[in-house]
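Here is a short report on one protein chain. Keep the sequence and the model in view as you read.

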Amino acid sequence: MKVYRFLRWFDDLCDYSLGSYNEIYNFNDLGLISPSFSYLWEQRTNTKKNNSFDMEKEMTKFFFASLADLFFVLSYMKTEFNTIIEVDLPESFLKKYLGIGIYGMDERINLEFRIPYIDLYRLLAKNPEDYFFKAIRYYNKNLNRFYLDSKWGYKKIEALLKEVPYEGIHQVNRLSIYPLFCFEPTKVFSIRQEDIGLPRIDEVLRQVEITREKRHIVNRIEFFKHNWDNQALFDKTIHLIEEENEAMKRILAKK
């Protein structure tokens, strides 16, 4: 099943904390997947987001189930310079990580997946490396510790940096061990938002033939929000959303 994520671009270094500053440059410039902006801060880690998931116990990465949802969220933002990535992951794997995210002033409800970063690495890394597993296990064990770089064992993990084969990794305001978590993926499709050729995203969204409202997807999500059953939510909505995604792609291809 194909899932989606957008990486935000900024022209001001002061804005790096508002989005995926390091992530988008590592992907666009080096072709690397790297940790989301919540992780590997120099002083602390943020873990709780506006969603239905429990507090994080490990490094994760979020993906949208719906391409239309992704564009709706992008429509809230001022910049049109974002990179959208599409990853194909096993449906049986994704089902375990489904939840609800809430976005925007109107608290729009979207389906999304919160995927453990170590599992994403196992599925996507082109050249898996032992140093990654040593680093991620150390980091997950110390996820909520402040000033991690002063803790026991950090220097041992830091010494693994000499094994990293990539150069020029962006890591603004991140711990020195950040490059250990960056990797070259397989089977990742991407497109830059500005390359779609759309003056406004909402003009395309209005053309989507299979809308969530027509297929009653919104009502289903609202129901499961209050009567939570992850498996049932997946079974009742995902294939409808996949149809919507394909309809969206056909429309985008005409532009």
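## Around K61

Beyond its neighbours within four places in sequence, K61 is in contact with R5, E23, I33, S34, P35, S36, F113, R114, I115, Y117 and L120. Contact means heavy atoms within 4.5 Å. The model is predicted: local features need pLDDT of at least 70, side-chain atom pairs count only at pLDDT 80 or more, and totals for chains, interfaces and linings use all residues. Residues are numbered from 1 along each chain as its sequence is written, and side-chain values use heavy atoms, with hydrogens and water left out.

K61 sits in strand β2, residues 60–64. Strands are DSSP runs of E with at least two residues; helices are runs of H or I with at least four, and both are numbered from the N terminus. K61 counts as buried because its relative accessibility is 1%. The cut-off for buried is under 20% relative accessible area (1.4 Å probe, protein chains only). The K61 side chain also makes a polar contact of 2.9 Å with the side chain of E23. Such a contact is a pair of N or O atoms within 3.5 Å; within protein, one must be able to donate a hydrogen and the other to accept it, and residues adjacent in sequence count only if both atoms are side-chain atoms.

Helix α2 covers residues 67–75 and is largely enclosed by the rest of the structure, because 7 of its 9 residues are buried. These are L67, A68, D69, L70, F71, V73 and L74. At the start of α2, a side-chain oxygen of S66 comes to within 3.2 Å of the backbone nitrogen of A68.

L240 belongs to helix α9, residues 230–253. L240 is buried, at a relative accessible area of 13%.

## The second largest pocket

The second largest pocket holds about 280 Å³ of space. Of its 16 lining residues, F53, D54, K96, Y97 and R114 are the closest to its centre. Strands β4 (98–103) and β5 (108–116) each supply at least two lining residues.

## The whole chain

The chain has 9 helices and 6 strands. Of its 255 residues, 52% count as buried. Among contacts with a separation of 6 or more, 72% come from residues 24 or more positions apart.

Conventions. Buried means under 20% relative accessible area, exposed over 50%, partly exposed in between (1.4 Å probe, protein chains only). On a 1 Å grid over the protein atoms alone, a cavity is a set of points where a 1.4 Å probe fits but cannot get out, and a pocket is an open set with protein on both sides within 12 Å along at least five of seven lines; lining residues have an atom within 4 Å of a point. Grid points are joined across faces, edges and corners, and a volume is the space filled by probe spheres set on the points.
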